[in-house]
Amino acid sequence: MTMINENLASLRFKEIFKLWSQLGINQGYIASSHAFFKHTRDKNLKILTLEFIQCLKEENKQLTLLLKENGVLAPTASIEYGKMKITDIRGKSFINDGEISAILSMNIASSLIAVSQALELAVKKTHLTKYGELHMRYALLGARLIDLSKSKGWLLASTH
């Protein structure tokens with residue numbers, strides 16, 4: 001089978017598909033995290049939400065660059081939201097902080113798994129390094145969210 005673009009030879013097709021798919025997933029997480037930010041009352045949860053958004057945006061820049069270098073167009077970007085401030089006054093909440101924490105925790109875990117899978121597929125040292133850095137950032141962010149959830153009583157634990 002002849003490749004349409006010779007640059008694609010530098011990345012395996014599975015990795016290209018993974019990069020492209022992860023960009024779309026990350027854009028969904030960014031959009032939902034913006035909504036969560038507006039509803040949360042807890043300042044520390046707001047900070048973690050902003051840090052998660054920042055990690056996703058930084059990851060997306062890297063993923064977009066990798067795709068572009070290999071002749072693949074990235075999926076369309078999500079809506080750019082206005083600047084978010086920790087002190088923003090929120091309206092009536094339909095989602096409580098415990099629920100936001102649980103959903104954010106699942107999203108961080110999913111991002112961690114996706115980066116781990118991309119790390120497994122990576123063939124270039126520069127890709128391995130970047131995925132390794134992202135893996136650690138998501139792991140640390142997840143650990144901080146678990147600590148916050150424990151301290152706030154949002155983490156449901158067995159009574160045994």
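The accessible surface of the protein comes to about 9800 Å², and carbon and sulfur atoms account for 61% of that area. The model is a predicted one. Of the 160 residues in the protein, 36% count as buried.

**Overall fold**

- The secondary structure consists of four helices and zero strands.
- Along the sequence, the elements follow the pattern α-α-α-α.
- Among contacts between residues at least 6 apart in sequence, 82% join residues that are at least 24 apart.

**Packing of α1 and α3**

- Two packed helices are described by the angle between their axes and by the distance between those axes.
- For α1 and α3, the angle is about 165° and the axes lie 11 Å apart.
- Because angles over 145 degrees count as roughly antiparallel, α1 is roughly antiparallel to α3.
- The crossing of α1 and α3 is left-handed.
- By class, the contact of α1 with α3 comprises eight nonpolar, nine polar and four charged residues.
- On the α1 side, the residues that meet α3 include K14, E15, K18, Q22, N26 and Y29.
- On the α3 side, the residues that meet α1 include I100, L104, N107, S111, A114 and L121.

**E15 in helix α1**

- E15 is located in helix α1, which covers residues 13–39.
- E15 counts as buried because its relative accessibility is 1%, and the cut-off for burial is under 20%.
- Leaving out residues up to four places away in sequence, E15 touches L121, A122, V123, H127 and Y131.
- One of these residues, L121, is also listed among the α3 residues in the contact with α1.
- E15 and E120 are separated by 105 residues in sequence, and their C-alpha atoms are 9.3 Å apart in space.

**S111 in helix α3**

- S111 belongs to helix α3, which spans residues 97–121.
- With a relative accessibility of 0%, S111 counts as buried.
- Apart from neighbours within four places in sequence, S111 is in contact with N26, Y29, F52, L56 and Y138.
- Of these partners, N26 and Y29 are listed among the α1 residues that meet α3.

How values were computed
Residues are numbered from 1 along each chain as its sequence is written. This is a predicted model: local features need pLDDT of at least 70, side-chain atom pairs count only at pLDDT 80 or more; totals for chains, interfaces and linings use all residues. Side-chain values use heavy atoms; hydrogens and water are left out. Helices (H or I, at least four residues) and strands (E, at least two) are DSSP runs, numbered from the N terminus. Buried means under 20% relative accessible area, exposed over 50%, partly exposed in between (1.4 Å probe, protein chains only). Contact means heavy atoms within 4.5 Å. Accessible areas come from the Shrake-Rupley method with a 1.4 Å probe; for residues, only the protein chains shown count as cover. Axes are lines fitted to C-alpha atoms, for helices over the stretch in contact, and angles run from 0 to 180 degrees between N-to-C directions. Angles under 35 degrees count as roughly parallel, over 145 as roughly antiparallel, 65 to 115 as roughly perpendicular and the rest as oblique. A crossing is left-handed if the near helix is turned anticlockwise from the far one by less than a right angle, and right-handed if clockwise. Ala, Val, Leu, Ile, Met, Phe, Trp, Tyr, Cys and Pro count as nonpolar, Asp, Glu, Lys and Arg as charged, and the others, Gly among them, as polar.
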